[in-house]
Each structure stands twice: as structure tokens, then as C-alpha cells.
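Biologist: Could you show me the sequence and the model, so that we can go through the ligand site and the domain arrangement together?

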Amino acid sequence: MNHSKEIKDVFPNLPERIIGLGELSYNLWWSWHPAARMLFKMIDRPAWKESVHNPVRMLREIPRKILESAANNPDFLQHYDTLLSRFHNELKAKSCWFTENVAAAECLPVAYFSAEYGLHHSLPFYAGGLGFLAGDHLKECSDLGIPVTAVGFMYPEGYLRQKIRVDGWQEHADEVLDRDAAPIERVFNKEGQQLIVKVPFIDPPVHVAVWKVSVGNVPLYLMDTDIELNDPWNRLISARLYTGDIEQRLRQEIVLGIGGREILDTLGIRHSVLHLNEGHPAFALLEKVRERMEDGLSFEDAAGQVRATTVFTTHTPVPAGHDVFPFHLMDKYFSSYYPMLGLDRDAFLQMGIHPEKPAEGFNMTAFALRMSGYHNGVSKKHGEVARKMWQPLWPELKEEDVPIDSITNGIHVPTWIEPKMELLFNKYLGQDWLKDHDNPGIWKSVDDIPDKELWQAYIWVKIKLVNFIRERTRKRWVEDRTSPLNVVAGGTLLDPMTLTIGFARRFASYKRADLIFHDLERLKKLLNNRWRPLQIIFAGKAHPADDDGKRILQRIFNFADNPDFGGRIAFVENYDEQLAQYMVHGVDLWLNNPVPPMEASGTSGMKAALNGVPHLSILDGWWIEGYNGKNGWAFEGNGDKSDAESIYNLLEQKIIPLYYNLDDNGMPHNWVKIMKEAIKNTGAGFSARRMVKEYVAKFYHKALKSVV
Ligand SMILES: *Cc1c(COP(=O)(O)O)cnc(C)c1O
């Protein structure tokens, strides 16, 4: 939002002197710059809190008087002027990593397509790791100056707002996003109305309203089908992420891929590389091929060009993560499309067939793999697993020669670093550490942080977590009149001085959230040890259609309100980005125990480790690369019983004794040593910066040059 007239319409109370806050509030740049968040907080602390850290909402809701007093406060204005000039300079920077190292001349943007984006809790357009990876990717591309235009959905009903019944069963409350109070803007057409695009080749027609999120320099266009022009079924296409209805799911993916392409065309945005984040948006490839055929190319030549400029990232070996659409539905929606590609039905469907399961349907991953020139998994191990899984697509090749590479995921460091830790790093790693954070050399100075300072900062963060959980539980108690059992289970009895394990992730069965309850007596002894107690904080949502996941959740909830466990198990409702921030920063130990090799990468453990929270994890995903013997604990997967025993053994023999081994001043020096190793090993190697640079070096770079 650049036009001051629009800003004035949206924020009629905002004084001219600080009108720049309007533009700033609509660019998520503020979310990863603590000084920008501080600026909003300075205006009015309670209002900032009340808005759940959403400046658009805050600026709309607070009285003019308060804004005027900020506009007359010299101290505030000084911060304002400094920050706004930094904001404008960074966004307009001519010189950045990308222009200095990759492409000096202006080049066409990469088009990035994803079904979900995890950017901030005010935008509930994510379900889990896939979304946060996409969000962190965009933020990092903005930081590095890589030209990217992204496309996705606006889900007005988000994923789901979780509420746990007193018997532990997950329910959800319907909650519709207030579009006008979120950091998203309408995209306008020439007539000054919101741009509405008709998705081609779908009948009855589907129209999407176009919205934009500014992620630093990266525009993310979002499609919203909930508009009057659409019939009721079509209005619901973008209502929620990952609907269980297969036909609606197919229609979502048609809108995402084909509609997404149409939006870029309508906006006149040409792109170089197409990056597909998972198979959901892969229908975009069809449109690229079709458009080239309109220019006179044969299907083969057009497909060849499209392959040469497409990168596809596969994210999971879990079968439910790969959409397969039955042929009758493909016929229903695509039979008019087949001839446009010069293909008959068989040849078209062949593009999406799994050679070993040809009758199953049209497999989006198989299709994306066939139609893209570069493909990757998201950790070294996942690369191996994906090569094995998809070897049937390359029957003439040996498994190790299957052309699926790997680029290990990373996290956007400025987003996931706790502000207090950031200040500590500024002091000991140098003021410029963040600018150069993918340089492993920078992290050596973590050893220079005095143990006491690190530990004190950390304890402060941990207390903040406990307070945050109590506050959330209090709110539920007061506003929803929940049962006292919910209050206990929600974490009211947590103790900040106790060794605290965090386990927060989606409740998919393979993640085995309840593994630590395998031997109840042994666990109880650890929790209830009077001198060296243990507590565990759980959070996470089960997919609304996943009753197995809900049963696991219920089991844990029932332990949380069972007095035998001493109030030392907590289940915190409604895991979202905000709770994730508090948890990855403030627990002592991050636990991860999926069934290997199902965790393709995992990123929450990286977020924790960056902040000095060591990882206790099964050797799977990123931890196979991340574990170095000094920065946490690891065990091999060997079935539920053995894996649970590995966890108990490590806790009893190594972790608990180390944590409670205090010197005369109450300092656990040996524990702090592990915290430091965790930070040192994560900051550079598992940063989104390292990851994005790898995408540039391995693919973006090459494709940028081959663009016609
Ligand atoms: C990072 C993150 C995830 C992904 O965590 P995994 O370790 O990959 O399961 C999911 N949800 C939220 C809210 C996150 O911040």
C-alpha cells in the first residue's frame, strides 16, 4: 500500500507526521525487525497486546488521541524517523547479495507457488512445517534481494481454531478472518475495484478475488473464492486448508495452479523460474505448456522448455502428503483440456501415473516430478528416501542415480531468534552478526558469552513462556468458563525452575506424540521426583479428519489432568505461530520422536536449537546432519518400546543429572555448554539463508540464465 490516500482511508486517525506507520503495518518486514515491533509497542503497550501483535488491527482500533500523542512525542519520533528510513532503504536497496553475486542486471522474478504460507499468526494460512518453510523462504529471498513473486490462497477460515473438550476430544471453533484487520491488502484493477480473476477451464466458473501480502520486497498474491460472484460450493474452495473432500481438493488445486498462473498473467508479471513447493500447485505446469504451444511449439518442445525452468520440492514420504485424484474426476475437470495439449486422454493421464499403481489415479507428485527439470527433497536422508520412493519413475536408473537431489531445510533466523537472545548475540558476536549469519565463523564467539549471562537471559525467556501459558489458560477460564480440569491441563501448575521438555507439532500418528507415555510408572518417577523433577509441555493440532491423531491427543490431555502426573504434564491449546515462538524459545529441551524415515526434515528443532534449546531426537530428518555428539542427544529408531526406552535412558542417565548439576551459584555449566553447541551448530548451517543460497546455486541461477 503506497498511496497515501488509501492509507488515510484505512487509518483515518493516523496523523500526517507518522503516516508512514500505515505502509509499515502492511509490510510483514516489521515482523522480523524487533525495532519495528518496538515502535508499534511504544505507541500503546496494552493496545499492542490487545491486537495480538497485529499493527493493522492496532492502528485501526486505537483512539486518535493516543496516535496524536505519539506524533508529538520527540522520543517516539526519533525512533520513527530512524526506523522508517531504514525500512525504505532496505526495501529499495540497489545493492544486495543477489545483485552482487548472481545477476547484476534486472531479471525476471522466480514464481513461487505453495498451498500454505506460515508468515505470522495474524495470517492463519498454514497448517504446519510446509507453510513455515514457504514463509521463511520468502522472507529470506527478500533479505537477499532475490526477485520472487509468490502465489497462494487466502483461507478465511484458516486451518482451525482448536478447543479441547473437558474429556480431551479436539473440537474446533469456527472463526472467520477479519480481512480488514489483517496485514493483507486488496489488489485493485484500473477502475479502482478489487481485482477479480476468472479461473480458466473450470465449469461452473470460479472467480477469485486477489489480495496481496507484502513480505519485505516479495509480493505474495492470495486468492479468495469467498465472493458473491461464485455459487456456494465454489465460495468454499478457499475456505479452509486441506479439505477432506477429494473433489473439492482437486478444485482447490486447479484454482491454485491454473488460477495462480492466470493472476500472474493478469497482473502482467512475467517470471523466469517456477518453484513448486510440494505437488499441490503442480497444475500451473499445464498452463505453462499450453501457453507455449499457443506460440506454435509442439507438446514435447513446450514441455522441454517448462522442465528446464521448473524446480519442484517434495516434502514428505507420508502417503497422505501426496494427492492422488481418481480418473473420473480428472475427466470431469480436464477432458476439454486434453486436446489443448495435443494429447489424448491416455497420454494426458499417463503424466500422473505411478508405474506401480497405475489404477490408483492421477498422482500430483509423479506429475510434478515428470514435468520439472530439477527436484529435491528437504534433507540428505529425505533425498535418499525420495529416490527410493520414486525410482519406479526412472526404471532404467539405479536408485542412487535417480535425479532427486536434496536441499536441507533451514529457518529464517531473524524471525526465530528470541529478541533477548538477539541482544546478547549483538553484544558478543558483533553488531553485524545477523547480516552475516550464514558464515559459520561468526558463531565461534558464542563461546565468549559468559555462562551466567546466557543462563540468566534464558531463564527470563523461560519465565515468559510459563506466564504466557498461564495467561492463555486464564483467558479460556474467564471467557469460555472452561472446566477447572481444562485449567489444570492447560499448564497452570507449570514451574519455571523445573527441567521442561517441549513437544509441539501436528498430531499426525507417525509423530508419536504419546511415545513418552509408553511406560507410565517409569515416566511418573521422573516427573514426580522431588529434587529433580521433570515437566512436559505439549501442543499441536490433529487434522479434523484424523481420528487417530485426535485419540493420541486425547490420551495426552487425559494424562495432563490426571493428579498422578502431578500437574507436570500440560497440553496448551491452539498451537499457532505465536505459541510456537514462546515454546521453541522457552523450554529446556525439544523432543522429537517420529517413526523414521517419516520426518523428511523437521524445522521446529532448529528453531529451538538456535535459541539454545538442545534437541533430544530420533535420528531422522535434519537431525542426522545436525547432531554432532555435543549439541544435544540422539537415538536410533527401533520400534515404540525400544525408542521409548532410549528416551528414558537418556533422561535418567544423561539429561536430568546434567541439568541439575549446579555449582555453588546455582549455575549448570555443563548444560550451558550444550546450549552453546546447539546455537553454534544451527545458526549458520540450518538457516534459511544457507538454504535459499543453495536453491540459487543449484537451480535458480541456471534457470535465470536460460530464460527466453
Ligand atoms: C516450525 C513450525 C512447524 C513445523 O515444525 P516441525 O518440526 O517440522 O513439525 C509447525 N507449526 C508451527 C507453528 C511452526 O512454527
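Predicted model: local features only at pLDDT ≥ 70, side-chain atom pairs only at ≥ 80, totals over all residues.

Biologist: How many residues surround the ligand, and which are the closest?
Modeller: By class, the shell has 4 nonpolar, 5 polar and 4 charged residues, where Ala, Val, Leu, Ile, Met, Phe, Trp, Tyr, Cys and Pro count as nonpolar, Asp, Glu, Lys and Arg as charged, and the others, Gly among them, as polar. Altogether 13 residues surround the ligand, the closest being Trp416, Lys511, Thr603, Ser604 and Lys607.

Biologist: How far is an N or O atom in the side chain of Ser604 from an oxygen atom of the ligand?
Modeller: Polar contacts are taken here as pairs of N or O atoms within 3.5 Å. A polar side-chain atom of Arg505 lies 3.4 Å from a ligand oxygen, and one of Lys511 lies 3.0 Å from a ligand oxygen. For the side chain of Ser604, the distance to an oxygen atom of the ligand is 2.5 Å.

Biologist: What area do domain 1 and domain 2 bury between them?
Modeller: The C-alpha centres of domain 1 and domain 2 lie 36 Å apart. Their contact (heavy atoms within 4.5 Å) takes 13 residues from domain 1 and 14 residues from domain 2. Buried area is the accessible area (1.4 Å probe) that two parts lose on being put together, summed over both. Of the area buried here, 59% is on carbon and sulfur atoms, and the total is about 970 Å².

Biologist: Which residues of domain 1 lose the most area to domain 2?
Modeller: Three residues together account for 53% of what the domain 1 side buries. They are Leu28, Trp32 and Leu91.

Biologist: Which residue does a cis peptide bond join to Asp203?
Modeller: The omega angle of this bond is about -5 degrees. The partner of Asp203 in the cis bond is Pro204.

Technical notes: Residues numbered from 1 in each chain as written. Heavy atoms only, no water. Near = heavy atom within 4 Å. Polar contact = N/O pair within 3.5 Å; in protein donor to acceptor, adjacent residues only side chain to side chain. Domains from an automatic or database assignment.
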